[in-house]
Amino acid sequence: MTDHSAGNTPQDGPSDRIRSDRPHSARVWGYLLGGKENYPADRQVGDMIQEMFPDIALLARVQRYFLARAVRFLAGEAGIRQFLDIGAGLPTVDNTHEVAQRVAPESRIVYVDNDPLVLVHAQALLTSTPEGACDYIDADVRDPELILRKAAKALDFTRPIALTLLGIMGQIPDSDDPWGIVEHLLDALPAGSYLALSDGTNTNATLNHAIETYNANSASSYHLRSPDQIARFFDRLEPVEPGVVPTSMWRPDLPDIGDTPANVDSMCGVGHKPA
């Protein structure tokens, strides 16, 4: 998810805001997942990170697998029918609405991102079952009031909602109080709602150096955090077993990720908002 505030005006359309000469996080991440919607600047940075930290593509895939497992749990066992996916990224295989609506076709999903390329492709690719709904909001996670106001047009805030924040809070520096942003969003959700969150950790010196290099060469920046800092996002919630754990270890689907889940430098969890 990228900051589009600099150099853009309210009159800019999504295609006007696309900067192909500078790498953007959603496109770089999509490239690491094998996506085709990227530019040479994105591929150059993606290749550079992979050379410095070859497991970065594995980390991207593991986070994507967690999305599918968490959404299957939320739509299935937890019975959630509404999803607010902030930092959606470029559409790829098994997007939130596809996973949720396979379990429950009546599921309603609102995507949020502020990368203009994501907006262009979301409008063309994100479709819904006839029983459900799928919407997209062009907004920054640092403006939770705007997100909540627009999401209320598609979601019923008197009924439980699953908030998904996968790889997005790492885009927010400590100075912008990412924990306060998540608390603001959770405050607006009714009891019975859930948070699913995953982000990279600062537990590997090689990854830390690779991300420093990425930050020096990208229009956006990523902020790795300690496992304890990521666990703080769930302070007010009841953890869903197995709690806040390495992302590959949250209810692993072994056929997807191999017989022995890889221990990646990323933490995740699902939390339930109590009454």
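**Walking through the model**

Asp177 is partly exposed, with a relative accessible area of 41%. On the scale used here, buried means under 20% relative accessible area, exposed means over 50%, and partly exposed lies in between, with a 1.4 Å probe and protein chains only. Before going on, note that this is a predicted model, where local features need pLDDT of at least 70, side-chain atom pairs count only at pLDDT 80 or more, and totals for chains, interfaces and linings use all residues. Residues are numbered from 1 along each chain as its sequence is written, and side-chain values use heavy atoms, with hydrogens and water left out.

Back to Asp177. It sits in the loop between β4 (162-166) and α8. Arg251 lies in the loop between β7 and α11 (254-257), and at 32% relative accessibility it counts as partly exposed. There is also a cis peptide bond, joining Glu241 and Pro242, with omega about 10°. Pro242 is in the loop between β6 (238-239) and β7 (245-246). For background, most residues other than glycine have a negative phi, and most peptide bonds are trans.

Now the chain as a whole. The secondary structure comes to 11 helices and eight strands; these are DSSP runs, helices being H or I with at least four residues and strands E with at least two, numbered from the N terminus. Of the 275 residues in the chain, 52% are buried. Among contacts with a separation of 6 or more, 73% are between residues 24 or more positions apart, a contact being heavy atoms within 4.5 Å.

Which residues of helix α7 are buried? In α7 (residues 144-151) they are Pro144, Leu146, Ile147, Leu148 and Ala151. What covers them includes β1 (82-86), β2 (108-113), β3 (133-138) and α8 (178-188). In helix α5 (residues 96-103), the buried residues are Thr96, His97, Val99, Ala100 and Gln101. Those residues pack against α4, β1, β2 and β3.

Next, an arginine. Is Arg225 buried or exposed? Arg225 is buried, with a relative accessible area of 3%. It lies in the loop between α9 (205-217) and α10 (227-231). Not counting residues up to four places away in sequence, Arg225 touches a list of residues including Met169, Asp174, Trp179, Asn202 and Ile230. Ile172 is one of those residues too, and its backbone oxygen lies 2.5 Å from a polar atom of the Arg225 side chain.

Last, the cavity. The structure holds one cavity of 30 Å³ or more. A cavity here is a set of points, on a 1 Å grid over the protein atoms alone, where a 1.4 Å probe fits but cannot get out; lining residues have an atom within 4 Å of a point. The largest cavity has a volume of about 60 Å³, the volume being the space filled by probe spheres set on the points, which are joined across faces, edges and corners. Of the 14 residues that line the largest cavity, the closest to its centre are Ala88, Gly89, Pro91, Asn95 and Tyr111. The elements that give two or more residues to this lining are α4 (56-75) and α6 (116-125).

That is the tour.

Key: A polar contact is a pair of N or O atoms within 3.5 Å; within protein, one must be able to donate a hydrogen and the other to accept it, and residues adjacent in sequence count only if both atoms are side-chain atoms. On a 1 Å grid over the protein atoms alone, a cavity is a set of points where a 1.4 Å probe fits but cannot get out, and a pocket is an open set with protein on both sides within 12 Å along at least five of seven lines; lining residues have an atom within 4 Å of a point.
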